[in-house]
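Here's a quick tour of some helix packing and some aromatic side chains. Have the viewer open as you read.

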Amino acid sequence: MTFPMPPNEVERLQALHRLNILDGRLPSGLDRICSIAQSLFHVPVVLMVFLDEEVAWIKSGSNSELSKEPRALSFCNHTVMHDEVFVVPDTFADRRFAEHPYVKADPPLRFYAGAPFTTEPGLRIGSICLVDHVPRDFTPRQMNLLSSLARVAVDELWLHHLERSGLAPATEVLPLARKVSLDFQLEPSITSRQVRAGRGLLNWSVRELAEAAKVSPMTVKRIEASSDVLVVRDESAKAVRRALEEGGVEFVFSPDAEPGVRPR
């Protein structure tokens, strides 16, 4: 299979090798970033991929060992071509990937979203990517969050490299973080399951929750029927969450478990 090649491929490979991460000694902070991504986006697979000359080195979830595959198979070849998040909502509907071995596998790779690891302007050594076995939409807000996670991961990689090389103490703040504007200001997104559980915890009817939140009962039903996380900028979702919290519900978010609720 052929794949796109960045015009600065030599410099890109030099940037990758300068970090000395292909021996598998990655910073532990990357595990936390993968866990956060899985909780945020509710996907079965989160990968960190580093593209060498012929090989794609892959960190999967909390696995500290790097696995590898032929670079030609990696969707991340497309991600490192630009600074934007690269999204394929449905691989079956995209002629570039319809015949890809992973797309034709069981289960198939149906959705991909990747944000590049940019270590220096124009140099993208790999990406953090989300994979699902069903097609999905991916909103601009979700793209911003994934891009922020990629930038946090790059900071972890640089600090790890400086510590290993003796150029910086473990407590030093990485200057790169000041060079890149991070918009990783997260308000956890509640889920419809949490809303239903919270209402059950208070023994409220749909109408009682609607009255407390000052929204219509149909709005509560819409929120509870949603199959995705609720956008925190949705004023109705914010009102419902506020009403449940004022009623005595605490929303619980943990990297190692599904979002839940409990009494305050």
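## Where α7 meets α9

Helix α7 (residues 206-213) packs against helix α9 (residues 235-247) at an angle of about 100 degrees, and their axes are 8 Å apart. Helices here are DSSP runs of H or I with at least four residues, strands are E runs of at least two, and both are numbered from the N terminus. Axes are lines fitted to C-alpha atoms, for helices over the stretch in contact, with angles running from 0 to 180 degrees between N-to-C directions. That puts α7 roughly perpendicular to α9 (65 to 115 degrees; under 35 would be roughly parallel, over 145 roughly antiparallel, and the rest oblique).

On the α7 side, the contact (heavy atoms within 4.5 Å) uses Leu209, Ala212 and Ala213, while α9 brings Ala239, Val240, Ala243 and Leu244. By class that's seven nonpolar residues, no polar and no charged ones. Nonpolar covers Ala, Val, Leu, Ile, Met, Phe, Trp, Tyr, Cys and Pro; charged means Asp, Glu, Lys and Arg; the others, Gly among them, are polar.

## A word on the model

This is a predicted model, where local features need pLDDT of at least 70 and side-chain atom pairs 80 or more, though totals for chains, interfaces and linings use all residues. Residues are numbered from 1 along each chain as its sequence is written, and side-chain values use heavy atoms, leaving out hydrogens and water.

## Aromatic pairs

The count comes to seven aromatic pairs, meaning Phe, Tyr or Trp rings (six-membered ring for Trp) with centres within 6.5 Å; planes under 30 degrees apart are stacked, over 60 edge-to-face, the rest tilted. Phe50 and Phe117 are stacked, at 5.6 Å centre to centre and 25 degrees between the planes. Phe50 is in strand β1 (residues 45-51) and Phe117 in strand β5 (residues 111-120), so the pair ties together parts 67 residues apart in sequence. Phe50 is buried at 0% relative accessibility (under 20% is buried, over 50% exposed, in between partly exposed, with a 1.4 Å probe and protein chains only).

Phe86 and Tyr112 are tilted, since their ring centres are 6.0 Å apart and their planes at 55 degrees.

## Arginines over rings

The charged end of Arg110 sits over the ring of Phe92, 3.7 Å from its centre (the rule: NZ of Lys or CZ of Arg within 6 Å of the ring centre and within 35 degrees of the ring normal). Phe92 is in the loop between β4 and β5 and is partly exposed, at 47%. Arg241 lies over the face of Phe251, 5.2 Å from the ring centre.
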